[in-house]
Amino acid sequence: MQLPTVDYKAPDAAAQFVESLRNTGFGVLKNHPIPQSLVESIYKNWQDFFNSEQKQDFLFSKDTQDGYFPPSVSEVAKGFTIKDIKEYFHVYPKGRVPAQLEADVREYYRLASEFAGTLLSWVQAEAPADVRAKFSIDLKDMIADSEQTLLRILHYPPMTGDEEPGAIRAAAHGDINLLTVLPASNEPGLQVQKTDGGWLDVPCDFGSLIINIGDMLQEASGGYFPSTIHRVINPTGKASTKSRISLPLFLHPHPDVVLSERYTADSYLQERLRELGVK
């Protein structure tokens, strides 16, 4: 079984994409409107940043959750006790960004957020009427101009052989948000869990865009759209000497958006951040 790749320009792209989301929790798009040259520039320039000591000048703020998160404070996935092997930088609309990196990353944030509105419209249009009725407002309006949407620039460093036993680049987890938009990484390793518990490699065709469902969309849809467990495995052989850069945009609604009878977007987010130990 392979994850299908959907041509964004195909006349039935919306139906194909949402069917893939529904069946696997993931959708893979080609011929999408986000320029590959912009993604490549971000990968290269942020690799230089992570290789430099400048990152120490941008240590994260626990209050605002923006800035640089070193490996020593990397996330522990829900249900695990060992930290992931990664470092990352959080970009919010009003957050800090190194001056030499700001133009590209702000442009990517804008383009990917706009495109995400289209994808959420597809999800809503293709959902059954009883599922659409659960949404308190249109899905695209949940994220319109949201200052909670988070761009994370992730750096998975080369393997050293000194890693903590059992540690991997990103342990199995689900995302908190509505949808995650992710350009294919510069290195493979992303896997999605199948319904039988096995793992499926997510295509790493440079130029593809990978979208997965987060827990908030699962909550808002009453479980119709399943949040999918995924992970990033450690490379072996020659690949273990290479860094991996990843650029997920986590689509977060405005805090007061009602997801369900149980949660607003804010109450859901705060609960999950406490579980992750970052609040």
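This tour moves through the aromatic pairs, the charges over rings, an annotated domain and a helix packing in a predicted model.

**Stop 1: Y8 and W122**

A pair of aromatic rings is described by the distance of the centres and the angle of the planes. In this structure, 15 aromatic pairs are counted. Begin by selecting Y8 and W122, whose ring centres lie 5.5 Å apart. The angle between their planes is 25°, and the pair is stacked because planes under 30 degrees apart fall in that class.

Y8 belongs to the loop between β1 (5-7) and α1 (13-24), while W122 is part of helix α3 (residues 102-126). The two residues are 114 residues apart, and the pair thus links distant parts of the chain.

**Stop 2**

The charged end of R22 sits over the Y224 ring, 3.7 Å from the ring centre.

**Stop 3: Y88 and R152**

For another arginine placed over a ring, select R152 and Y88. R152 lies over the face of Y88, at a distance of 4.2 Å from the ring centre.

**Stop 4: an aromatic cluster**

Select W46, F49, F50, F58, Y68 and F89 together. Ring pairs link these residues into a cluster.

**Stop 5: helices α2 and α3**

Display helix α2 (residues 36-50) alongside α3. How do these helices pack? Their axes are 10 Å apart, at an angle of about 135°. The two helices are therefore oblique to each other, and their crossing is left-handed. Helix α3 is also the element that holds W122 from the opening stop.

**Stop 6: residues 145-253**

Finally, select residues 145-253, where an unreviewed UniProt entry places the feature "domain: Fe2OG dioxygenase". Over this stretch the chain is 6% helix and 33% strand.

Conventions:
Residues are numbered from 1 along each chain as its sequence is written. This is a predicted model: local features need pLDDT of at least 70, side-chain atom pairs count only at pLDDT 80 or more; totals for chains, interfaces and linings use all residues. Side-chain values use heavy atoms; hydrogens and water are left out. Rings of Phe, Tyr and Trp (its six-membered ring) pair if their centres lie within 6.5 Å; planes under 30 degrees apart count as stacked, over 60 as edge-to-face and the rest as tilted. Helices (H or I, at least four residues) and strands (E, at least two) are DSSP runs, numbered from the N terminus. A charge sits over a ring if NZ of Lys or CZ of Arg is within 6 Å of the ring centre and within 35 degrees of the ring normal. UniProt positions are given in the numbering used here, feature names are shortened, and annotations may be inferred rather than shown by experiment. Axes are lines fitted to C-alpha atoms, for helices over the stretch in contact, and angles run from 0 to 180 degrees between N-to-C directions. Angles under 35 degrees count as roughly parallel, over 145 as roughly antiparallel, 65 to 115 as roughly perpendicular and the rest as oblique. A crossing is left-handed if the near helix is turned anticlockwise from the far one by less than a right angle, and right-handed if clockwise.
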